[in-house]
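Dear colleague,

I am passing on the structure we spoke about, together with some notes on what was found in it. Please read the notes with the structure open beside you.

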Amino acid sequence: MAERSFKKEVERLRLCAGEIFEGEGILAVTKALLQSGVAYVGGYQGSPISHLMDVFADADPLLKELGVHFESSASEATAAAMLAASVNYPLRGAVAWKSVVGTNVASDALSNIASGGVTGGTLIIVGEDYGEGSSIMQERTHAFAMKSQMWLLDPRPNLTSIVDLVEKGFQLSEASNTPVMIELRVRACHVTGSFVAKDNLRPPLTVGAAAANPHRELDRIVLPPANFLHEVEKVEKRWPAAQRFVAEHRLNEHFGPSEGEVGIIVQGGLYNMLNRALELAGLSDDFGKVSLPIHCLNVTYPLLPDEIARFCAGKRAVLIVEEGQPEFIEHELNTLVRRAGLQTRIVGKDVLPRAGEYTGQVLLAGLTKFLQDWAPALAPQTVPAFTPDKDIIAEVPQRPAGFCTGCPERPIFSAMKLVQRELGELHVSADIGCHLFSILPPFHIGNTTMGYGLGTAGASAFRPTAGTGGKRAVAMMGDGGFWHNGLTSGIGNAVFNQDDNVTIIVDNGYSAATGGQDVLSSRAQNDTRRTNNPIEKALRGIGVNWARTLTNTYDVAGMRDALKEALTTPQAGPKVIVAQSECMLNKQRRVKPLLAQAVKDGKRVVRERFGVDPDTCTGDHACIRLSGCPSLSIKPNPDPLRSDPVTHIDNSCVGCGNCGEVAHAAILCPSFYKAAIVINPSRWDRTVNRVRTAIIGFLQQRHDRALAARAF
Amino acid sequence: MAQLDKRERITVAILALGGQGGGVLADWIIDLAGHNGYRAQGTSVPGVAQRTGSTVYYIEMIPVEPGDNRGEPVLALNPVPGDVDVVIASELMETGRAILRGFVSAERTTLIGSTHRIFAISEKSALGNGEGNGQKILNAAERRSKRFVGFDMDAAASEAKSVISSIMFGALAGSGALPFSLESFEAAIRAGGKAVPANLRGFALGAERAGGFVAQIEAAARPPEPTSAAGRRLTARIEAELPAPAHAFAIEGARRLMEYQDTAYAALYLDRLGMIGARDDGTDDHALSREAARHLALWMAYEDTIRVADLKIRSSRFARVQSEVDVKSGQVLSVTEYMHPRLQEVCETLPAGIGRFILARPGLRRRLEPLFAKGRHVETTSLGWFLALRLMASMRGLRRRSLRYIEEQVRIEGWLQAVREAARHDVPLATELLRNQRLIKGYSDTFERGLANFVSVMAAAPLNGGPDAAERTRRLRDAALADDTGKALAAEIAVALAQ
């Protein structure tokens with residue numbers, strides 16, 4: 001079950017024609033798919049479209065009613081390959097993933113589907129971002145659209161536009177027999193708003209009905225000679241068909257006056273921020289009443305030569321607002337303008353930055369420069385550049401993402417730090433997932449990350465030298481990455497090539513970084529998926545002989561010893577440790593209501609949390625350097641003689657035990673204590689407590705008297 | 001920019017850390033605006049950034065009349081510097097971040113910020129003190145905003161038994177930055193439907209506190225008044241023998257050492273202080289005497305097993321734990337310590353002869369060490385362990401004969417000797433040498449690392465003076481505190497040796 005539940009929101013997906021739907025962008029996309037009569041949906045979670053997958057998982061009853069098939073795909077490649085259902089049959093299908101990484105994974109299947117073409121409309125929903133929401137390499141999905149020839153939609157970030165373009169996307173796909181991608185930036189996925197709903201449509205043909213009546217066309221399969229046929233078809237049939245559809249349905253929009261000395265062409269997704277920049281420059285208002293012509297590309301690929309030529313004709317210069325690089329659209333605009341024999345100057349990356357998100361501030365600066373150069377009469381007076389306050393720059397600390405309070409992955413890296421103290425620094429090949437936070441303070445562990453599930457593969461070049469001085473490399477992998485592809489690309493590869501490295505698989509029961517979705521090895525019972533397939537079983541099945549499952553990662557000493565053994569055992573071949581403890585974020589979500597209910601029912605409940613005695617803590621913070629738990633913090637030293645802050649554990653502590661175990665394993669300090677609080681104690685608890693308190697109280701009185709005798 | 005004054009749009013940026021309820025706050029504001037005739041739009045960035053990082057929720061709202069023919073407003077998804085009407089920050093450094101990112105402007109912005117601290121990992125993991133300077137943020141907040149509403153919203157949340165998001169929502173209402181009534185704010189909380197009574201409590205307190213900026217003035221701790229004859233005698237000595245600026249630390253030092261050992265030990269402390277004080281020429285408000293009083297007391301009250309046991313079993317400590325972990329009446333508390341005394345520490349507690357005898361025999365050590373190889377879970381609230389700790393604490397009477405005591409006194413004397421020598425010709429240098437005591441802290445490995453650093457710094461310090469001797473010593477100490485691998489210190493020592 002995922003981190004965020006959409007059970008309540010899902011009810012809104014049932015709204016009928018004319019009703020007002022209110023909610024977030026991603027929910028609107030889901031509703032649009034149902035309004036389009038989609039027959040099947042799949043995808044792989046990842047920000048910002050994780051919630052799309054969660055919405056579908058929570059909407060299972062509604063999907064069943066409508067006869068829509070939904071899969072949590074094993075990977076983006078799986079999801080893309082699923083679109084094969086639309087090749088022979090008029091089935092509408094949609095898949096979703098995080099781009100550009102997911103598109104990379106899916107690209108083999110995408111090339112195939114784009115080559116053979118589709119009969120039913122297929123929509124690929126990708127999340128992409130150049131801003132603070134991005135956690136991946138900054139590349140453009142646009143390149144995939146161009147190289148495989150798939151159409152790319154980039155709707156204006158309001159719910160009505162997004163929903164409309166999802167519906168039109170299916171029609172475009174069918175009209176041109178081509179898969180269509182729709183790109184949403186992070187904030188657009190989570191923008192709130194409303195639109196007028198339509199009725200949900202049952203798919204005219206269900207996947208079951210299609211399978212019952214198979215139908216095949218040989219020339220849709222990518223094999224000579226059909227592949228050459230596809231190439232020609234793409235250019236001669238599908239491309240013009242798409243352009244015709246986009247033009248006829250006016251998918252791109254025009255704003256502002258029809259004529260002007262200069263104009264702006266903008267990617268749909270950036271339209272709102274551009275309008276804000278124009279407004280701040282005195283050229284528009286809150287309702288987009290703009291005083292120079294704007295051509296808004298809700299379809300960023302393909303471009304329409306006639307449309308572009310019409311817009312550029314008579315203008316001295318046109319600014320293209322295009323995020324990311326290379327500036328594919330700008331290149332193509334230059335070609336189109338040249339072919340049309342126009343003298344219009346295309347301005348883009350010469351006034352706007354090549355890298356980074358196009359925020360209002362960035363756009364305003366670029367726009368100002370553009371107008372100063374080409375339409376000085378319109379240019380705003382120089383916008384005062386914002387200068388950050390020098391006084392506080394050094395004081396405001398970075399807040400890198402880190403492990404949550406009580407995270408079971410923390411002790412794994414605490415243990416690794418202890419092993420490095422003994423065996424020296426290790427080469428660590430990191431992977432994608434929460435465990436990648438190990439590269440940040442306080443752990444500073446991890447050399448590279450090569451992609452989801454590729455931790456072990458990323459270490460495969462390393463072979464310990466024979467004899468003394470040889471050192472094994474360590475690879476990290478999450479359970480999510482393991483099932484996504486790590487089992488074959490990493491572990492299978494290591495078995496086959498007789499690698500001698502160590503892999504640690506973090507088995508926390510969820511695809512945690514993407515929002516806590518279930519995976520094959522999840523321990524939760526899931527009504528609609530088969531879970532509880534142990535990782536170690538898969539390891540042994542693929543030929544790993546040295547495999548250990550540690551069921552309590554908080555046992556730091558045990559983790560340390562297992563890792564040390566894996567690094568030093570004479571046994572050849574890959575060594576794999578499965579480090580298993582439940583993701584604390586999800587555990588708390590699961591357990592908290594249960595405990596609260598138990599307390600309410602008067603049942604005996606033990607609550608544990610940790611604390612630090614400020615009078616024995618000397619303020620070295622070695623414990624923090626081995627942990628970094630958000631609940632393990634500092635506070636002013638109560639000792640008037642000391643100036644360094646003491647360590648302190650706040651009430652957000654969930655009592656995972658890591659602090660104490662680290663203090664033990666690293667032989668740190670006696671300041672940590674564990675407090676166990678028995679709520680609704682039994683009669684026995686109370687009796688024992690009464691006796692203990694009486695005797696200890698008596699002894700403490702005597703101790704206090706001795707202290708008083710030495711009082712100042 | 002000309003249109004700014006007559007604009008109808010209101011923009012709100014919320015800077016919060018993961019788990020602080022920034023999303024809930026944003027939902028309330030959107031609901032509030034919607035029920036007051038505004039078309040509101042919110043955006044956020046969930047995902048990895050939320051895992052303990054800081055994120056920005058952004059809301060825009062604009063009044064829309066029924067039958068308005070201007071069409072749908074085009075609202076932005078990101079705040080633009082100079083264009084934000086209200087900034088709400090959930091923590092002091094987030095308030096600073098809002099200023100740094102340009103969201104706060106003196107012409108436009110009502111800045112609502114909590115003044116409490118949630119420390120970032122870089123601040124927490126420093127070997128010494130790595131905290132950012134909060135006062136600078138408060139100054140900038142006053143200077144850079146149109147109006148700053150700042151108070152400790154975390155404390156207010158505890159006080160109201162509520163959560164910080166409701167306090168922030170209350171502060172927003174109390175600030176009057178939005179043209180909506182208090183009732184409609186409360187209606188938004190009710191519409192949210194979750195923990196309504198607690199949220200309304202927090203809201204009310206937040207609205208009340210927003211009235212004025214509550215400066216946090218910490219009362220300077222006053223030195224304890226003597227209550228016993230011995231205490232009065234020592235106080236009289238301090239007042240007679242030491243310059244006034246050193247009195248506070250010396251009194252606290254004497255008090256601590258009496259409690260740590262006995263009156264004679266406190267008297268030894270004052271004897272030693274007197275010898276340093278004799279060299280004090282008054283530089284920097286008698287820094288030499290002040291720092292001697294502080295650091296000598298800390299060193300003489302070194303943390304041995306006897307001290308730790310003594311502190312752990314006190315009734316005052318039991319009471320502190322009770323309140324810290326929030327034990328309610330009728331609940332039963334047990335406390336377990338994580339202790340790991342190694343053979344080394346055990347021998348150090350034994351009388352010096354026996355301790356040395358064992359430590360000097362590798363064969364014997366090898367046989368004994370396994371007994372102390374594992375950490376102990378010491379349940380202090382159980383009778384057995386309490387008695388064991390009490391027995392350990394009662395070894396105070398034997399402390400003077402322990403190996404550790406003898407070793408520490410030798411180290412202390414050596415250090416004071418170096419300080420006195422330096423003070424002959426360079427009082428600031430001597431003061432810095434005193435401050436080097438700060439390097440020695442912790443237990444076991446940490447203690448050994450600290451002690452080794454102390455020895456290295458003392459060895460590399462320009463004890464005989466010379467230009468910038470004090471400054472060079474300070475640099476060496478800072479380098480020792482820069483990391484726990486010793487890299488920075490080694491580099492600084494290389495520099496020192498080259499000079």
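Predicted model: local features only at pLDDT ≥ 70, side-chain atom pairs only at ≥ 80, totals over all residues.

Residues are numbered from 1 along each chain as its sequence is written, and chains are lettered from A and ligands numbered from 1 in the order in which they are written.

The bend in α12(B) is at Arg290(B) and comes to about 30°, where a bend is the angle between axes fitted to the seven residues ending at a residue and the seven starting there. Helices (H or I, at least four residues) and strands (E, at least two) are DSSP runs, numbered from the N terminus. Helix α12 of chain B covers residues 283-300, and its 18 residues should span 26 Å at 1.5 Å a residue, which agrees with the 25 Å between its end C-alpha atoms; the expected span is 1.5 Å times one less than the number of residues. Of these 18 residues, 14 are buried, so that the helix is mostly covered, a residue being buried if 20 or more other C-beta atoms, placed from the backbone, lie within 10 Å of its own.

Chain B is divided by an automatic or database domain assignment into domain 1 (2-209), domain 2 (221-301), domain 3 (305-404) and domain 4 (422-499). The C-alpha centres of domain 2 and domain 4 of chain B lie 24 Å apart, and ten residues of domain 2 are in contact with nine residues of domain 4, contact meaning that the C-beta atoms of two residues, placed from the backbone, lie within 7 Å.

Turning to the two chains together, the contact takes 99 residues from chain A and 110 residues from chain B. On the side of chain A, the largest share, eleven residues, comes from helix α26 (residues 683-709). Strand β24 (residues 672-679) of chain A also pairs with strand β7 (residues 332-339) of chain B, in the antiparallel sense and over six bridges, where pairing requires that DSSP finds at least two bridges between two strands. Within this pairing, Ile677(A) has Leu333(B) as its bridge partner.

Finally, chain A has 26 helices and 24 strands, and buried residues make up 55% of its 712 residues.

With best wishes

How values were computed. Buried ≥ 20, exposed ≤ 12 C-beta atoms within 10 Å, placed from the backbone.
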